[in-house]
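Please keep the sequence and the model side by side while reading.

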Amino acid sequence: MSWLTALLALVVVTAGLLRWRRPAWYWLTFGVVLATLRVLVRYSSVMDACGLTVPPPRWRLTIARMANRPAPESRPPRILRLRPTRTGLVLRLGLRPGQDAFDVAAACDRLRHSFAMYGVTSRELRSGVVELRMTGYDVLARVQMPAKGDNAPMRVPVALREDGAVHYRDYRSTPHALTLGATKSGKSVYQRNLVAELAAHEVALVGIDCKQGVELFPLARRFSALADNPDTAAELLDALVSHMEGVYHLIRAEQRITADVPDAEVAADIWDLPAHLRPTPIVLLVDEVAELALSPTKADEPRRDRIITALVRLAQLGRAAGIYLEICGQRFGSELGKGITMLRAQLTGRTAHRVNDEPSANMAFGDIAPDAVLAAISIPTETPGLAVTGDSSGGWARIRTPHTSMRQAVNACNRHAHRAPVLPGFAAFRPELPPTVSLVKIPTPTEAPASA
Ligand SMILES: Nc1ncnc2c1ncn2[C@@H]1O[C@H](COP(=O)(O)OP(=O)(O)O)[C@@H](O)[C@H]1O
Ligand SMILES: [Mg+2]
């Protein structure tokens, strides 16, 4: 018997240790089983206690009365599906007559405590069906992205959401995006992570990094064009605008709108063009946009206006030509001068890392999701990379990027360097590359130790 006790003690100690040091492993081994049992066993009483039950219908009361049986109990929503995931549980509920998705959303915090889960969020799938996503532990404390994501062209996984789902940056549904955050809040790591993920895609990367190129130049092998000062940036942006006009000519030439061309084949953007004609889509990454939008002296003003005009034109017209903007900055408001709010209005995707004051958060969310503003200013300093992301539909979520080191990003870019397309008209902006540094040193036969 004593060996059984010892085994039990060992299991309990292992579970305790895992839970403390490796919550993700704990979840996959013990947590998921315990949580599933807990949810199934406590379901009815928890729903009752959280006010999510409805009284039985009249016909059942009548039958009970006629049969002289005790009155049936109130009923909780039906469980349509309970699915364990890598980070938690997904519970799909069928609502009873008289319930609405708001009831469930309002009870999320009570459900979280009652089921002893780390987080619970709800969303409506269709009328009458609500999905509860529960996480078993703090998934954002140490971000681990799933090994396999679902891949689509121009759609890359960039972060983990607090409900355990992967957050994608989808250029075709959200062409342009703005990333804000105070200094040291994780903007550059977010952008680096994006570059490392985009590296494997068929896309041309173009970068403007006026912080002397410290963030983007190490990744130069995968970039088709780079600028590290406002003068080069202005020329680069002009080249992009002429590239865009060229693409529009191509689309026009391919449209051939005659009566016998089926509607679905009329090209209105590059994705409608046949694959052999389609120009490579371009992602333009701008780190620290204020360096472009502020003019230190009066003499710099024409250049500044030229840059902002080009950016606004790219944001307004670039999507159909396959040019997507990804802009990072500490603030992005009207104090940066003329044209900035017009540019901001075109940047649909919004992500705010930690910001120091409400006006900065307002620049990201004030015009789309006011309650996300509060969430953005309450991000603590000790969790860089944590951000609030929203979209124009008014929804928002907390996300965190995995910590991609510069070395990992450089390796990813070097591995995919052959994918960097040579864009006509951009030869002047190709960075000068240092000779390839072999990342893994392979001993040459002369260096190999002679076997004794
Ligand atoms: N997702 C993350 N996870 C962990 N640490 C991070 C994360 N993002 C950023 N950091 C840390 O924060 C520091 C500052 O990030 P950085 O992206 O350079 O900030 P910013 O560009 O906003 O000034 C980085 O050196 C890194 O150590
Ligand atoms: Mg930075």
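1. A definition comes before the ligand: Ala, Val, Leu, Ile, Met, Phe, Trp, Tyr, Cys and Pro count as nonpolar, Asp, Glu, Lys and Arg as charged, and the others, Gly among them, as polar. By that classification the shell around ligand 1 holds two nonpolar, eight polar and three charged residues. The shell is made of 13 residues, and the closest are Gly186, Ser188, Val189, Pro384 and Gly385; a residue is taken as near a molecule or strand if its C-beta atom, placed from the backbone, lies within 6 Å of it. Helix H6 (residues 187-198) gives the most to this shell, with three residues.

2. On the basis of the model: it is predicted, so that local features need pLDDT of at least 70 and side-chain atom pairs count only at pLDDT 80 or more, while totals for chains, interfaces and linings use all residues. Residues are numbered from 1 along each chain as its sequence is written, and chains are lettered from A and ligands numbered from 1 in the order in which they are written.

3. On the chain as a whole: there are 13 helices and 14 strands, where helices (H or I, at least four residues) and strands (E, at least two) are DSSP runs numbered from the N terminus. The C-alpha atoms fill a box of roughly 90 × 80 × 55 Å, taken along the principal axes. Of the 452 residues, 36% count as buried; a residue is buried if 20 or more other C-beta atoms lie within 10 Å of its own, exposed if 12 or fewer, and partly exposed in between, with C-beta atoms placed from the backbone. Among contacts between residues at least 6 apart in sequence, 65% join residues at least 24 apart, a contact being two residues whose C-beta atoms, placed from the backbone, lie within 7 Å.

4. On the sheet: 10 strands form an open sheet in the order S6-S5-S14-S13-S12-S7-S11-S10-S8-S9, with mixed pairing, two strands being paired if DSSP finds at least two bridges between them. Strand S6 (166-170) and strand S9 (223-227) are the edge strands, each pairing on one side only. Neighbouring strands are turned against each other by 25 degrees on average, direction ignored. Strand S5 (residues 155-161) is joined to S6 by five bridges in the antiparallel sense, and in this pair proline 157 stands opposite tyrosine 168.

5. On strand S7 (residues 177-180): which residues point each way from the strand? Ala177 and Thr179 point one way and Leu178 and Leu180 the other way, and all are buried. In a regular strand the side chains alternate between the two faces of the sheet. S7 pairs in the parallel sense with strand S11 (residues 323-329) over four bridges, where alanine 177 stands opposite glutamate 326. Four bridges also join S7 to S12, again running parallel, and there leucine 178 stands opposite arginine 350.

6. On helix H11: Ser360, Ala361, Met363, Ala364 and Phe365 are buried in this helix, and what covers the buried residues includes S7, S12, H12 and S13. Aspartate 357 is found in the loop between S12 and H11 (358-365), and aspartate 357 counts as exposed because it has 10 C-beta neighbours inside 10 Å.

7. On helices H7 (residues 230-255) and H9 (residues 301-317): these pack at an angle of about 35 degrees, with their axes 9 Å apart. Axes here are lines fitted to C-alpha atoms, for helices over the stretch in contact, and angles run from 0 to 180 degrees between N-to-C directions. The residues of the contact divide into 12 nonpolar, no polar and five charged; among them are Leu237 and Val241 in H7, and Ile307 and Leu311 in H9.

8. Most residues other than glycine have a negative phi, and most peptide bonds are trans. Asparagine 68 lies in the loop between helix H3 (58-66) and strand S1 (78-84), and counts as exposed because it has 6 C-beta neighbours inside 10 Å. Glutamine 212 lies in the loop between strand S8 (204-209) and S9, and counts as exposed because it has 10 C-beta neighbours inside 10 Å.
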